[in-house]
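This briefing sets out what can be read from the model shown below. It begins with the confidence of the prediction and then turns to the secondary structure, the sheet and the nonpolar cores.

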Amino acid sequence: MLGGMAGRGSGSTGQPAAVTLAVGQEELLLDRAVREVVDAAKATDPDTDVRELAAPELRPGTLAELTSPSLFAERKVVVVRAAQDLAADTIKDVKDYLAAPAEEISLVLVHAGAAKGKGLLDAARKAGAVEVACPKMTKPADRVAFARGEFRALGRSATPGACQALVDAIGADLRELASACAQLAADIEGAIDEAVVGRYYTGRAEASSFTVADRAVEGRTADALEALRWALATGVAPVLVTSALAQGVRAIGKLASAPGGMRPGDLARELGMPPWKVDRVRQQARGWSADGVATALRAVADADAAVKGGGYDPAYALEHAVITIAHARR
């Protein structure tokens, strides 16, 4: 992803564009888009002055002041964060500036890309701003592709299994994922495969409360208990575990009560789940009956009461719930 962004925030001469538009809600990618412009400007002039402002700090007249010619003709980068939140009178100032950008100035507008502030977004595009897409990565497949791109940008390759295992271990935090890729690339001389990731991150994914729930509803008692003990040992709050258990059991109940013969997309909308989760719940639902779901829900309710003050030992209550749920599947 970083390699894919390279060069798009700067002109053909290697100098940064007069106006760059970073659009999206993925903070890591937005920060990289800004850094790319700053790095390009400083490569041209190490003394480049960088000014970052949040939307409330940019008032009428502020942009004109920041972009006015200086006595020493110094290069500047002006970064406006959350540009979608700019006030109407300030947006007018920015639009006026877009019509005639100043020499030696690079303006970076960081915009969430939603309907709010769309007029400014359209004006920047119409003015020929260089646009960098920074969409939120909500799908696991996107994060796997991101990990693959990170390794490639670092001059390394990793097997598909390694990328998938890393995403499973790290989760949705893109900064942590990028950091893990960099760590592996620095530490490992040979092939980066699933076994390498396993050695580095064993237990990391298992600390998730949702992993405890997944293993329990799958009937994998020993794995669920191991995941639970690791989660509690690493500071996961017991109430998060009961919440995940409840969601896991309810998802199976909702799937069982859904009308038959529905298309995957319609079923996902009916259940209020993303398609990938519907596929997972379908697999987990095998072996469950209506009575089993009822038993599991009672076990979750008892554990929830215990961890919220109704019992003396939350860990014991959770272990009992996990065992009951796993056995209820059978």
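In this predicted model, mean pLDDT is lowest, among the elements of the protein, in helix 1 (residues 2-5), at 34. Strand 1 (residues 19-24) has the highest mean, at 97. Across the protein the average pLDDT is 86, and 90% of the residues reach at least 70.

- Where pLDDT is low, predicted coordinates should not be read in detail.

**Overall composition**
- The protein contains 16 helices and five strands.
- Of its 330 residues, 44% are buried.
- Among contacts between residues at least 6 apart in sequence, 76% link residues at least 24 apart.

- Five strands make up an open sheet with parallel pairing, in the order 2-3-4-1-5.
- Strand 2 (49-54) and strand 5 are the edge strands, each pairing on one side only.
- On average, neighbouring strands of this sheet are turned by 15° against each other, direction ignored.
- Five bridges join strand 3 and strand 4 in the parallel sense.
- V78 has L107, in strand 4, as its bridge partner.
- Helix 2 lies across strand 1, strand 2, strand 3, strand 4 and strand 5, and runs at about 170° to strand 3.

**The nonpolar cores**
- The largest nonpolar core comprises 39 residues, and those with the most contacts inside it are F146, F151, L166, L177, L184 and Y201.
- At least two residues of this core come from each of helix 2 (27-44), strand 3 (76-81), strand 4 (105-111), strand 5 (130-134), helix 6 (140-153), helix 7 (160-170), helix 8 (174-187) and helix 9 (194-201).
- Helix 2 is the greatest contributor to this core, with eight residues.
- Both domain 1 (19-134) and domain 2 (140-201) supply at least three residues to this core.
- Another core, of 36 residues, lies apart from this one and includes L228, V293, V300 and V322.

**Surroundings of F151**
- Which residues is F151 in contact with, leaving aside its neighbours within four places in sequence?
- The contacts of F151 on that basis are R156, A158, C163, L166, C181, L184, A185 and I192.
- Of these contacts, L166 and L184 are, like F151, among the residues with the most contacts inside the largest nonpolar core.

Notes: Residues numbered from 1 in each chain as written. Predicted model: local features only at pLDDT ≥ 70, side-chain atom pairs only at ≥ 80, totals over all residues. Heavy atoms only, no water. pLDDT = per-residue confidence, 0-100. Helix = DSSP H or I, 4+ residues; strand = E, 2+ residues; numbered from the N terminus. Core = buried A, V, L, I, M, F, W, Y, C linked by side-chain atoms within 4.5 Å. Buried < 20%, exposed > 50% of the residue type's maximum accessible area, 1.4 Å probe, protein only. Domains from an automatic or database assignment. Contact = heavy atoms within 4.5 Å. Pairing = 2+ DSSP bridges. Axes fitted to C-alpha atoms, helices over the stretch in contact; angles between N-to-C directions.
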